[in-house]
Amino acid sequence: MGSDSARFTGSIPEHYDRILGPVIFAGYAEDIARRVSAFAPARVLETAAGTGIVPLRLRDALPDGAALIAPDLNPPMLEVASQKFRPGEQVEFQPADAMQLPFEDASFDAVVCQFGVMFYPDKGKSYREVHRVLAPAGRYLFNVWDSPRYNPYAWIADKVVERFFPVDPPQFYKVPFSFHQVDPVKEGMIDAGFADIDISVVRLEREIPDIDQFARGVVHGNPLADQIRARGGEPEQVVQAVAEELRREFGSHPGRMPLQAIVYSAGKR
């Protein structure tokens, strides 16, 4: 992936995992792990595994003896993920590109991806790669963010950034919330050979224990801070402005905000 929106390096993994993980990602990780475990797969691949938020839930939800391989494009994310598991657990982390999965045909009973597909430059190719590595009757489950309309924290962050940079604003928050139209996703999966496609909208309401910390994660837990610096800006000023808007919108001590994602489940013919 050539876009800087997909580079989660430096201090990003720590902010992503510690601050954003519990608020934004944990609830959806529990949801998708539950969905995968219902198929009782013995061999599972989780692409875009990040800091191990989904693999941790899969470890607890999958049948005893199930093997889990969890690649990601960014080795620094996997370094955080690997620290969550004990030696000898049947979880394997390795760097890999979802456009070119380094696995044999029909290697897995299920493939999972949480909030990664939006970053793939060739989504059709990613679907075909998943279809290739799935065994017959295997399942592909992934989720994507719904529109910023239903995820207002992202809309707030994007608008704050545009205030600081009215010309050439950082584009990070355009990417993860750009893939919410259902029909193109469904058609791409059908073209790749998938069938029995099930689509669910999952809405959560999450507590924000510390608005200031969450604002820090919103800026520093992804490539946005680097995009701000590249334009001569100061990320801490953006953090403060985001915190003010989040507090105004969601309250504090604690704040509460809605999230909404779309979950796809499809079978290999």
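**Rings, cavity and charges**

Q: Over the face of which residue does Lys 123 lie?
A: In this predicted model, the distance from Lys 123 to the ring centre is 5.1 Å. A charge counts as lying over a ring if NZ of Lys is within 6 Å of the ring centre and within 35 degrees of the ring normal. The ring that has Lys 123 over its face is that of Phe 179.

Q: Are the rings of Tyr 140 and Phe 194 stacked, edge-to-face or tilted?
A: The count of aromatic pairs comes to 22. For Tyr 140 and Phe 194 the ring centres are 5.8 Å apart and the planes stand at 35°. Planes under 30 degrees apart would count as stacked and those over 60 as edge-to-face, so the pair of Tyr 140 and Phe 194 is tilted.

Q: How many residues apart are Tyr 140 and Phe 194, and which strands hold them?
A: The pair links distant parts of the chain. Tyr 140 belongs to strand β5, residues 134-145, and Phe 194 to strand β6, residues 194-208, which puts the two 54 residues apart.

Q: Is Tyr 140 buried or exposed, and is Phe 194 buried or exposed?
A: Buried means under 20% relative accessible area. Tyr 140 has a relative accessibility of 0%, and Phe 194 has a relative accessible area of 1%. Tyr 140 therefore counts as buried, and Phe 194 is likewise buried.

Q: How are the rings of Tyr 173 and Phe 177 arranged, stacked or edge-to-face?
A: Tyr 173 and Phe 177 are both buried, and they belong to one aromatic cluster that also includes Phe 8, Tyr 16, Trp 145 and Phe 214. Their ring centres lie 6.4 Å apart, with 25° between the planes. Since planes under 30 degrees apart count as stacked, the pair of Tyr 173 and Phe 177 is stacked.

Q: Which element gives the largest share of the lining of the largest cavity?
A: The structure holds one cavity of 30 Å³ or more, and the largest cavity has a volume of about 500 Å³. Its lining is made of 38 residues, with Phe 8, Tyr 16, Gln 114, Phe 115 and Phe 119 nearest the centre. The elements that give two or more residues to this lining are α1 (12-37), β1 (43-47), α2 (53-61) and β2 (67-72). The largest share, four residues, comes from α1.

Q: How many residues of the lining of the largest cavity are nonpolar?
A: The lining divides into three classes, among them eight polar and three charged residues. The number of nonpolar residues in the lining is 27.

Q: By about how many helical turns are Asp 31 and Arg 35 separated?
A: A search of the whole structure finds 23 salt bridges, and one of them joins Asp 31 to Arg 35, with the closest N and O atoms 2.8 Å apart. Asp 31 is buried, at a relative accessible area of 11%. Because Asp 31 and Arg 35 are four residues apart in helix α1, the separation is about one helical turn.

Q: How many residues apart in sequence are the parts that Asp 109 and Arg 43 tie together?
A: The closest N and O atoms of the salt bridge between Asp 109 and Arg 43 are 2.9 Å apart. Asp 109 lies in strand β4, residues 108-114, and Arg 43 in strand β1, so the parts tied together are separated in sequence by 66 residues.

Q: Which class, buried, partly exposed or exposed, holds Glu 245, and which holds Arg 248?
A: The side chains of Glu 245 and Arg 248 meet in a salt bridge of 2.7 Å, N to O, and both residues lie in helix α9, residues 235-250, three residues apart. With exposed meaning over 50% and buried under 20%, Glu 245 at 23% is partly exposed, whereas Arg 248 at 59% is exposed.

Q: What distance in space separates the C-alpha atoms of Ala 225 and Ala 6?
A: Ala 225 lies in helix α8, residues 224-230, and is buried, with a relative accessible area of 3%. Ala 225 and Ala 6 are 219 residues apart in sequence, and their C-alpha distance is 13 Å.

Terms used:
Residues numbered from 1 in each chain as written. Predicted model: local features only at pLDDT ≥ 70, side-chain atom pairs only at ≥ 80, totals over all residues. Heavy atoms only, no water. Phe/Tyr/Trp six-rings, centres within 6.5 Å; stacked < 30°, edge-to-face > 60°. Buried < 20%, exposed > 50% of the residue type's maximum accessible area, 1.4 Å probe, protein only. 1 Å grid on protein atoms, 1.4 Å probe; cavity = no way out; pocket = protein on both sides within 12 Å on 5 of 7 lines; lining within 4 Å. Points joined across faces, edges and corners; volume = space filled by probe spheres on them. Nonpolar A, V, L, I, M, F, W, Y, C, P; charged D, E, K, R; others polar. Salt bridge = Lys/Arg side-chain N within 4 Å of Asp/Glu carboxyl O.
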